[in-house]
Amino acid sequence: MVFEPPKRLVRALGETAPDGDDWLEKLPGAAQRAVALRELTVERVQVPGGRSSLVVLVRAADGTPAVLKLAPGRARPEAERAALAHWAGRGAVQLLESTSTEGVLLLERLHPDVSVRSLPEAKALLEAAGTLRRLWVEPPAGFPFETVAERTGRQAEAMRARAQAAPEVAPLVDVALAAREELLAAPPEHRLLHGTFRQSKVLAGERMPWLAVGPDPVVGECAFDLARLVRDRVEDLIAQPSGAATTRRRVKRLAESLDVDQERLRGWTLFRAVESGVRAGRVGRPRDAELLLEFASWL
């Protein structure tokens, strides 16, 4: 089988490595070797798939359905492996092999085309939040993960540089960076977080109704993780005449349901929306940038 990367993956990797790299060129051969090593039978490449990895639906030699995932180093697949091993299937997809092959994960098969995003909005938020709560555990000793301070520090530098190049975003960037400094001054807890949690990252399973996939794990306070969920379906929020009020109610409802401080959730939601909006503008997605920065202005 020819392992052709989906267009979505090619486009997204082009944004994160605009000068190019050779991971995509080597991907077909790497996928063939990973399949042969594990004696897998390939069913199909998942399309449209993710933005940072090739996902292949396979069966093990004994017929067990599984997922083979290949990701470049900058997507931090080894951190994902460590987080999934620590969660051990509690709230997240399960690893099916303990041995480590760099950039390759063999995972439990969920229902790849059924996420909580397919549910009505209120139900989707409820199920997603319940899944997220199960992931917030103490990190392992000597954890190999970035902290929220480290990750957002890198992001803050990129935001400052973008504000100099595009002065129209500078006021929101200043507000977001000030919020970050205040939030980092006294974090209430340090937990292992999913890192990139949203409705589309929660898939239907057999062991449990819903399980999280695709973490970019980080250690920090729970409000940081929940912040990305607040802006889910941002296009729908922007289209509503009452979008700003709906957003504020969502912050309040999610904070209360997961025992997270409402103001800290608002602050991290602001920072993460501005960071994503600024990044979208930098890589040539002006419509996404516009939506995200308008959303951030409501906070």
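Q: How do H5 and H6 run relative to each other, roughly parallel or roughly antiparallel?

A: Start with where the elements come from: helices (H or I, at least four residues) and strands (E, at least two) are DSSP runs, numbered from the N terminus. Axes are lines fitted to C-alpha atoms, for helices over the stretch in contact, with angles of 0 to 180 degrees between N-to-C directions. Under 35 degrees counts as roughly parallel, over 145 as roughly antiparallel, 65 to 115 as roughly perpendicular and the rest as oblique. Here the axes of H5 (residues 148–165) and H6 (residues 170–185) cross at roughly 160 degrees and come within 10 Å. H5 and H6 are therefore roughly antiparallel.

Q: Before we go on, what kind of model is this?

A: It is a predicted model, in which local features need pLDDT of at least 70, side-chain atom pairs count only at pLDDT 80 or more, and totals for chains, interfaces and linings use all residues. Residues are numbered from 1 along each chain as its sequence is written, and side-chain values use heavy atoms, with hydrogens and water left out.

Q: Is the crossing of H5 and H6 left-handed or right-handed, and which residues make the contact?

A: A crossing is left-handed if the near helix is turned anticlockwise from the far one by less than a right angle, and right-handed if clockwise. H5 passes H6 in a left-handed crossing. Contact means heavy atoms within 4.5 Å. On the H5 side, the contacting residues include Val 148, Ala 156 and Met 159, and on the H6 side they include Val 173, Ala 176 and Leu 184. The contact of H5 with H6 has ten nonpolar, two polar and two charged residues.

Q: At what angle do H5 and H10 pack?

A: The angle between H5 and H10 (residues 262–282) is about 50 degrees, and their axes are 10 Å apart. That makes this pair oblique. The crossing of H5 over H10 is left-handed. Among the contributors are Met 159 and Arg 162 from H5, and Trp 268, Phe 271 and Val 274 from H10. By class, the contact of H5 with H10 holds seven nonpolar, three polar and three charged residues.

Q: And what is the handedness of the crossing of H7 and H9?

A: That one is right-handed. H7 (residues 222–230) and H9 (residues 243–257) pack at about 140 degrees, with axes 10 Å apart, which makes H7 oblique to H9. Leu 226, Leu 229 and Val 230 of H7 meet Arg 250, Val 251, Leu 254 and Ala 255 of H9. This contact has six nonpolar residues, no polar ones and one charged.

Q: Which residues touch the most other members in the largest nonpolar core?

A: In soluble globular proteins, nonpolar side chains tend to be buried together. A nonpolar core is a set of buried Ala, Val, Leu, Ile, Met, Phe, Trp, Tyr and Cys residues joined through side-chain atoms within 4.5 Å. Buried means under 20% relative accessible area, exposed over 50%, and partly exposed in between (1.4 Å probe, protein chains only). The largest core has 74 residues, and Leu 226, Leu 265, Val 274 and Phe 295 touch the most other members. Leaving aside residues up to four places away in sequence, Val 274 touches Met 159, Leu 172, Val 173, Ala 176, Leu 293 and Ala 296. A second, separate core of 18 residues includes Leu 13, Leu 27, Leu 40 and Val 45.

Q: Is Val 234 buried or exposed?

A: Val 234 is buried, at 10% relative accessible area. This residue lies in H8 (residues 234–239). Beyond four places away in sequence, Val 234 touches Leu 291 and Phe 295.

Q: Where does Glu 43 lie?

A: Glu 43 sits in strand E1 and counts as partly exposed at 36% relative accessibility. Setting aside residues up to four places away in sequence, Glu 43 touches Leu 57, Val 58, Arg 59 and Arg 109.

Q: What should I look for in the backbone at Pro 48?

A: The peptide bond from Val 47 to Pro 48 is cis, with omega near 5 degrees. Pro 48 is in the loop between E1 (41–45) and E2 (54–59).

Q: What is phi of Arg 76, and what is phi of Ala 88?

A: Arg 76 has phi near 55 degrees, a positive value in a residue other than glycine. Arg 76 lies in the loop between E3 (65–70) and H3 (77–87) and is partly exposed, at 28% relative accessible area. Ala 88, also not a glycine, has a positive phi of about 50 degrees. Its loop lies between H3 and E4 (104–108), and Ala 88 counts as partly exposed at 39% relative accessibility.

Note on methods: Ala, Val, Leu, Ile, Met, Phe, Trp, Tyr, Cys and Pro count as nonpolar, Asp, Glu, Lys and Arg as charged, and the others, Gly among them, as polar.
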